[in-house]
Amino acid sequence: MVPKIRRGSRTHGLLVYLYGPGKRDEHIDPHLVGSWDGFAPDPGRDTSPDPKATLARLTAALDLRVKQTGAEAPAQHVWHCSVRTDPDDRHLSDAEWNTVARRLVRAVNLAPEDDPDGCRWVAVRHADDHIHIVATMVRGDLRRPRMNYDYKKAQAACRRIEKEWDLRRLKPGDGTAAQNPTSAERFKTERTGRPEAPRETLREAVRQALAGAATEEEFFTRLHEAGLRVKIRNAPSGDALGYNVALPGDRNRDHEPIWYPGSKLAPDLSLPKIRRRLADELPGPTTPSAPSSCYHWSPPARARRSATDIAEHATLLLDNDEDEAAVQLVGIGEILDAVAQTSPAATRTELRAAARAFERVTRSHVRVEHADIRALRSVARNIVQAGSALGRGEDGGTTAMLTSTLVLVALAAARWHAARGHTQQAHAARQTAEHLRAAYRQAAATPMRTLRDQGRDLPEAERRSHEATIRTALGTDRLRTDLPKTDALTITLAQAEHAGHDPKALLQQAIELRELDTAEDIHDVLVWRLRRLAHLPAHPGEAPRRPKTGISRPKSSADRTRTAPAATNRPTVSDPRRRPPRR
């Protein structure tokens, strides 16, 4: 049950709309379901030849005390609250809607119980799923009602009604959510055929422009590059006070652009709050987790590997359940925004949905002083600057590696918020995890299939040895017997061993990084942890390139003879069974 409150100054104009056909003839059988005394005139049930006269009498009755106050009357004297049930809820009767209206006007102190001087109000129903409460905010003693925090009080009353009447129970908010599109914006979106309201498109574009931005100038440059119209509000001194953005082609009836201030897109997108986020200078580009002398990953793959390390560390901080972890969520949100805008087409839809859901996770009333998220913002910047990743090869493999870790981050964020009673944020974090899991399944399909194929080709003795290592480390209660999963983990241990690692110690290190109970697939999580710790290629079917150290020159036959043994004595990481040919 969702209450939506507005204030106005035209009682008659609002009643004309409520009793009229609606903007699209959607109003059906408008009539009163309740009023302040139960005897208010009802234009919807009036049998007189002139229903407009009845509407005028109802307006006069509602405005009586407003007129009596004369010049002392408030300019915005109309309190308007629409209350809508969920589409899956049963249809309430007129008597039930009357009860809802009475409980709401009592909750917000418009008409306290047993108060003869309460404000006058009516409840109009013109659809099955909602009513409109119209009240005039002048009491019988000609004083104004005390209505502080009326929105929160109305929300709380609706939550109680949902529980008592077994309706769908919505998540209680804390006032930090972004503003939803208005009814007018939704109607215009449908009329113009846009996939979503401009407010939502702009919010995503601004967040993506902010992801990893180092300076205010870079942020505004990115907004322009994204194709948005940008208007900066300047003080007389020339300093920027704020900014507005608009979509090209989105205009009002006067053919002027429809501007949205950053603060109206989301509470954390105002210019002062963006400046606080940009205050700390970002460090230089992070180095890849693999030694640079061994392999040369592509820029997108290298950036995703670095992001995976940082995200794993953020998960540990969230698991500690300290308030200081709140700021980590802001940095993770930037990483998600960066990955979503540079991901391959196969995973882009789910990753964008994950980033949008996580946007709600990043805001709460938990405040942290002197928090440092430069490392998180730096890897987000690296991801953006590295450009779009390919959906195949090492780029696709590292996308799966990062996404697997971000699933665990989202679940840790859900637990962190739930422990503090942040119901909406915890729900959004769980939604994020579901989108990330869908993206992971798409990104990991090819590399995991390659790993399983390689695992099945391992020599029997080697395979049994690594299976025993897995069984000892995980125990029979957590070990899954499905061979394809075991094959992927087995070949990863074999490749790590051939790269010079102790497979038993490395597996134990991967297990102890953090808990595995929330993992949807323990084997997959361990595969990516092992490959990251051992600096193995994320896509085993594609050997990484050696870094170029200078200008190459053609080699003579003597040079090739001298260097051949050194080139062939090193087995490739992608296939541990490969041995140098005998000379």
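Biologist: What is the handedness of the crossing where α10 passes α14?
Modeller: This is a predicted model, so take what follows as computed from it. In it, α10 passes α14 in a left-handed crossing.

Biologist: What angle do they pack at, and how far apart are the axes?
Modeller: The angle is about 15°, and the axes are 9 Å apart. Helix α10 covers residues 299–319, and helix α14 covers residues 393–418.

Biologist: Parallel or antiparallel?
Modeller: Roughly parallel, because angles under 35 degrees count that way.

Biologist: What sort of residues make up that contact, by class?
Modeller: The contact of α10 with α14 divides into 13 nonpolar, 5 polar and 7 charged residues.

Biologist: Now α11 and α12. At what angle do their axes cross?
Modeller: At roughly 160°, and the axes come within 9 Å. Helix α11 is residues 326–342 and helix α12 is residues 345–361. The two are therefore roughly antiparallel to each other, the cut-off being over 145 degrees.

Biologist: And which hand is the crossing of α11 past α12?
Modeller: Left-handed.

Biologist: Which residues meet there?
Modeller: From α11, they are Leu 329, Ile 332, Gly 333, Leu 336, Asp 337, Val 339 and Ala 340. On the α12 side they meet Arg 348, Leu 351, Arg 352, Ala 354, Ala 355, Phe 358 and Val 361. By class, this contact has 10 nonpolar, 1 polar and 3 charged residues.

Biologist: Changing topic. How many disulfides does the structure hold?
Modeller: It holds 0 disulfides. Cys 81, for one, is in no disulfide.

Biologist: Which cysteine sulfur is nearest to that of Cys 81?
Modeller: That of Cys 158, 6.9 Å away.

Biologist: What about Asp 150? Where does it sit?
Modeller: Asp 150 is in helix α4, which covers residues 150–165.

Biologist: Buried or exposed?
Modeller: Buried, because its relative accessible area is 9% and the cut-off is under 20%.

Biologist: What is Asp 150 in contact with, leaving aside neighbours within four places in sequence?
Modeller: Ile 5, Arg 7, Trp 79 and Val 108.

Biologist: How far is Leu 526 from Leu 513, by C-alpha atoms?
Modeller: Those atoms are separated by 10.0 Å, and the two residues are 13 apart along the chain.

Biologist: Last one, the whole chain. How many helices and strands, and what percentage of residues count as buried?
Modeller: The secondary structure comes to 20 helices and 8 strands. Of the 583 residues, 50% count as buried. Among contacts between residues at least 6 apart in sequence, 73% join residues at least 24 apart.

Terms used: Residues are numbered from 1 along each chain as its sequence is written. This is a predicted model: local features need pLDDT of at least 70, side-chain atom pairs count only at pLDDT 80 or more; totals for chains, interfaces and linings use all residues. Side-chain values use heavy atoms; hydrogens and water are left out. Axes are lines fitted to C-alpha atoms, for helices over the stretch in contact, and angles run from 0 to 180 degrees between N-to-C directions. Helices (H or I, at least four residues) and strands (E, at least two) are DSSP runs, numbered from the N terminus. Angles under 35 degrees count as roughly parallel, over 145 as roughly antiparallel, 65 to 115 as roughly perpendicular and the rest as oblique. A crossing is left-handed if the near helix is turned anticlockwise from the far one by less than a right angle, and right-handed if clockwise. Contact means heavy atoms within 4.5 Å. Ala, Val, Leu, Ile, Met, Phe, Trp, Tyr, Cys and Pro count as nonpolar, Asp, Glu, Lys and Arg as charged, and the others, Gly among them, as polar. A disulfide is a pair of cysteine sulfur atoms within 2.5 Å. Buried means under 20% relative accessible area, exposed over 50%, partly exposed in between (1.4 Å probe, protein chains only).
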